[in-house]
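Please keep the structure open while going through the points.

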Amino acid sequence: MTAVRTVDLAVIGAGPAGAAAAMRAARSGASVMVFDKAPYGRDKVCGDGLTPRAVGAMEELKIDMAGAHPIRGLRMIAGKQVRELDWPTTDRFPSHGAVWPRRRLDAALIDAAAESGAEVVWETEAMPVIEDGRVVGVEAGGRRVEAAMTVVACGAQGPVARLLGAERVADEPFGLAIRTYAATPRHADAHLEACLSLRDEHGTPIPGYGWMFPAGDGTVNIGVGALSTMKGFKKLNLNTLLEAYRRVVQDDWDLGPNLERPRAWRLPMSAERRHGPGWVAVGDAAGLVNPMNGEGIDYGLESGMLAADLFLDDPVTAPARYDRQVGERFDGFLRTGRRFSFLVGHPWILRPGLRLSVSTDAIANITLAVMGNLVDNTTPGAAGRVMKMADGALGLADPVLRKTRAKG
Ligand SMILES: Cc1cc2nc3c(=O)[nH]c(=O)nc-3n(C[C@H](O)[C@H](O)[C@H](O)COP(=O)(O)OP(=O)(O)OC[C@H]3O[C@@H](n4cnc5c(N)ncnc54)[C@H](O)[C@@H]3O)c2cc1C
């Protein structure tokens, strides 16, 4: 194989995380190549929900969001309790979110990367090339492309992660989620809906939630997600769970039939490594998904931008600095989230916990902040304080929760 190209940055994966890294680097004059094994216009199995944090990242990237359906807040349902709250006004993030079906969202992002000068190669699987323990670029479509740094933006870990030793941490939780679309007269609703008291067809509570995310185009994205910490996770049938949830929301939303076959995918919530000589992992490839809601578009955009900024600053030290800075921003919060997922894996904790989560406006506002990815290691105010306290308490309980975790 001959070296046919040399670029500054090679990016594997053209989802939000890869597009953000490519765009940011190309806009500063770096030569960038992005590879995706899927064709242009590919869909991603997703709820299509953009948190206010994601909208903030889109604004930072100067992406025109005219095509997205704006969202004012979240309706949380736990049993018979319903609480509808608007996203909070803070000086850190915008006070609105959006729903933007991924086919269109991801096209808008990668088009912006291409307009910024990144070369995007579709239908081409790329694999890192490792020489003397260092990633020196990628092999893709039968040619070699050398790069000062390679950004691994491949989504939920697969062959690339295996090659780099960057798979999910075996003992840590992960999620599975499934979604489809259906026509509804309520397609232009201004609130997302999350049913926190999800039950399977036998009435057993599931740690996870069901969602109705109105897309503003005649349809709603309907889906369910569950955490691997639940009893019986290996036998969980997501199609059946989705059908059970559909029956709950059918009348309220006057739902039409499924517009496509429901599709499921993984939600990675950890990674053994997210950097090494010559490479960094961003977005899902780095396990950056909130264990408390399964959302990761915002973290993908932020980590992609961070990787590019550090690369532009100094390519040689970028991977180590990236790992440190992404850790400072997310690790504490994600650790709390993973501990929380062991907690709610216990049904006798899940049930009262859910009632509590929306019991008063003050507590529901904290639930809202967590569900909107508005909390991280530096969040001020009640939500930040509660998360810090929760991290301490869950830290103490963690060994017991892991030991007593439900099997199977
Ligand atoms: C059912 C479900 C619902 C979800 N709902 C939401 C939601 O509402 N809001 C939210 O914020 N998050 C949600 N998420 C999570 C969200 O989808 C991910 O966090 C997000 O897509 C991560 O973006 P990414 O760019 O890291 O990876 P991806 O979007 O997965 O993109 C990875 C890309 O890499 C390409 N690729 C992989 N390997 C290679 C290779 N070797 N060579 C070339 N290309 C390769 C793939 O084709 C793909 O295009 C949901 C996830 C699921 C499963």
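1. Two strands pair if DSSP finds at least two bridges between them. Strands (E, at least two residues) and helices (H or I, at least four) are DSSP runs, numbered from the N terminus.

2. This is a predicted model, in which local features need pLDDT of at least 70, side-chain atom pairs count only at pLDDT 80 or more, and totals for chains, interfaces and linings use all residues. Residues are numbered from 1 along each chain as its sequence is written, and side-chain values use heavy atoms, leaving out hydrogens and water.

3. The chain has 10 helices and 18 strands. Of its 408 residues, 57% count as buried, meaning under 20% relative accessible area (1.4 Å probe, protein chains only).

4. An open sheet of mixed pairing is formed by 7 strands, in the order β6-β5-β13-β14-β15-β12-β16. Strands β6 (81-86) and β16 (263-267) are at the edges with a single partner strand each, so one side of each has no neighbour in the sheet. From one strand to the next, the twist averages 20°.

5. At one end of that order, β5 (residues 73-78) pairs with β6 in the antiparallel sense over 6 bridges. Ala78 stands opposite Gln81 in β6.

6. Helix α9 (residues 361-371) packs on the sheet and touches β5, β6, β13 and β14; contact means heavy atoms within 4.5 Å. The direction of α9 makes about 65° with that of β6. Axes are lines fitted to C-alpha atoms, for helices over the stretch in contact, and angles run from 0 to 180 degrees between N-to-C directions.

Note on methods
Buried means under 20% relative accessible area, exposed over 50%, partly exposed in between (1.4 Å probe, protein chains only).
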